[in-house]
Amino acid sequence: GRESDNPRVPAIPVHVFVDDTYYGDVSTLRGISAIDVMEIRFYQSYEAQYKFGTGHMGGVIQVITKM
């Protein structure tokens with residue numbers, strides 16, 4: 001997500017969705033096997049709002065699996 005040079009301003013987290021289901025923050029990507037991934041998309045906050053609803057100011061990474 002967006003970061004600042006000011007340490008008092010927290011970063012805005014990016015949310016992860018797997019097959020249109022909320023999965024967690026960026027650290028959860030480590031739990032997804034690369035062999036199961038068909039496609040990865042990044043949505044800016046304004047795009048994520050239309051697809052996933054409000055509350056995704058840092059954007060969304062969508063993982064689409066082969067299953």
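This is a predicted model: local features need pLDDT of at least 70, side-chain atom pairs count only at pLDDT 80 or more; totals for chains, interfaces and linings use all residues.
Residues are numbered from 1 along each chain as its sequence is written, and side-chain values use heavy atoms, with hydrogens and water left out.

So where does Asp-19 sit? Look in the loop between β1 and β2 (21–25); strands here are DSSP E runs of at least two residues, helices are H or I runs of at least four, and both are numbered from the N terminus. Setting aside residues up to four places away in sequence, Asp-19 touches Val-63, Ile-64 and Thr-65, where contact means heavy atoms within 4.5 Å. With Thr-65 there is also a side-chain to side-chain polar contact. That term means a pair of N or O atoms within 3.5 Å; within protein, one must be able to donate a hydrogen and the other to accept it, and residues adjacent in sequence count only if both atoms are side-chain atoms.

Now for the histidines. His-15 belongs to strand β1, while His-56 lies in the loop between α1 (45–52) and β4 (60–65). His-56 counts as buried because its relative accessibility is 10%, and His-15 is buried too, at 15%. Their side chains meet in a polar contact. Beyond four places in sequence, His-56 also touches Phe-17, Ser-45 and Ala-48, whereas the contacts of His-15 include Tyr-22, Gly-24 and Val-60.

| Side chain | Partner side chain | Distance |
|---|---|---|
| Asp-19 | Thr-65 | 2.5 Å |
| His-15 | His-56 | 2.7 Å |

On to the greasy part. A nonpolar core is a set of buried Ala, Val, Leu, Ile, Met, Phe, Trp, Tyr and Cys residues joined through side-chain atoms within 4.5 Å. The largest one has six residues: Val-14, Val-16, Val-18, Ile-32, Ile-61 and Val-63. Strands β1 (15–18) and β4 each give it two or more residues. A second, separate core has five residues, among them Phe-17, Tyr-43, Ala-48 and Val-60.

Terms used
Buried means under 20% relative accessible area, exposed over 50%, partly exposed in between (1.4 Å probe, protein chains only).
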